[in-house]
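Work through the exercises below with the sequence and the model side by side, and try each task before reading its solution.

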Amino acid sequence: MPGRIDIALQWFDHGRGLELPKQQTAGAAGVDLLAALPSDETLTIGPGRRATVPCGFAIALPPGHEAQVRSRSGLASKYGVAVLNSPGTIDADYRGEVKVILINLGEEIFEIRRGDRIAQMVVKDVLEPKLEPCFHADSYGYRPHRSAHDALKVARQRCWKTDWVLDVCHQRM
């Protein structure tokens, strides 16, 4: 099926018995991540507090990909609970346990139990950036007694191969 990618997953002992991360609907962009807490334990996150929640597995992403850990909209809207570093990035060369840093921005204590859906993970392609220095002290064309329009023209001539970044903000008043 187009649009699928094979990802190796290895369970840790504390994650065994949980469901595999999966899409909840056919059109879902991500798979839900579940809390791999002991069955007799409840993790509480107080208002304004954060906690790192284990998911009980490690993944091996193919080169050229990343996994983004994102908040679940239901938890954010109902309880004010979000992924703190959203989106959290899992790099292709990371082989440790997948964990989710949650923050409670709500006003009530939030409780997490084993198997609760705590976040979602979306796998994306990654482009390798090739950065080239091109800026000079006057890269943006600023000079006293010059208009902003003249500065914009100089910036385009010196640094930008495409104008899309500069055109976003450029409007004549």
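A cavity is a set of points, on a 1 Å grid over the protein atoms alone, where a 1.4 Å probe fits but cannot get out, and its lining residues have an atom within 4 Å of a point. Grid points are joined across faces, edges and corners, and a volume is the space filled by probe spheres set on the points.

This is a predicted model, in which local features need pLDDT of at least 70 and side-chain atom pairs count only at pLDDT 80 or more, while totals for chains, interfaces and linings use all residues. Residues are numbered from 1 along each chain as its sequence is written, and side-chain values use heavy atoms, with hydrogens and water left out.

**Exercise 1.** Determine how much space lies in the largest cavity and which residues line it.

*Solution.* Begin with the search of the whole structure, which finds 1 cavity of 30 Å³ or more. Next take the volume, which is about 30 Å³ for the largest cavity. Finally, list the lining, which consists of W11, L18, E19, P21, L34, C55 and F57.

**Exercise 2.** Locate S71 and describe its surroundings.

*Solution.* Then follow the side chain of S71, which reaches the backbone nitrogen of V83 at 2.8 Å. Lastly, collect the contacts (heavy atoms within 4.5 Å): setting aside residues up to four places away in sequence, S71 touches A82, V83, S86 and Q120.

Technical notes
Helix = DSSP H or I, 4+ residues; strand = E, 2+ residues; numbered from the N terminus. Polar contact = N/O pair within 3.5 Å; in protein donor to acceptor, adjacent residues only side chain to side chain. 1 Å grid on protein atoms, 1.4 Å probe; cavity = no way out; pocket = protein on both sides within 12 Å on 5 of 7 lines; lining within 4 Å.
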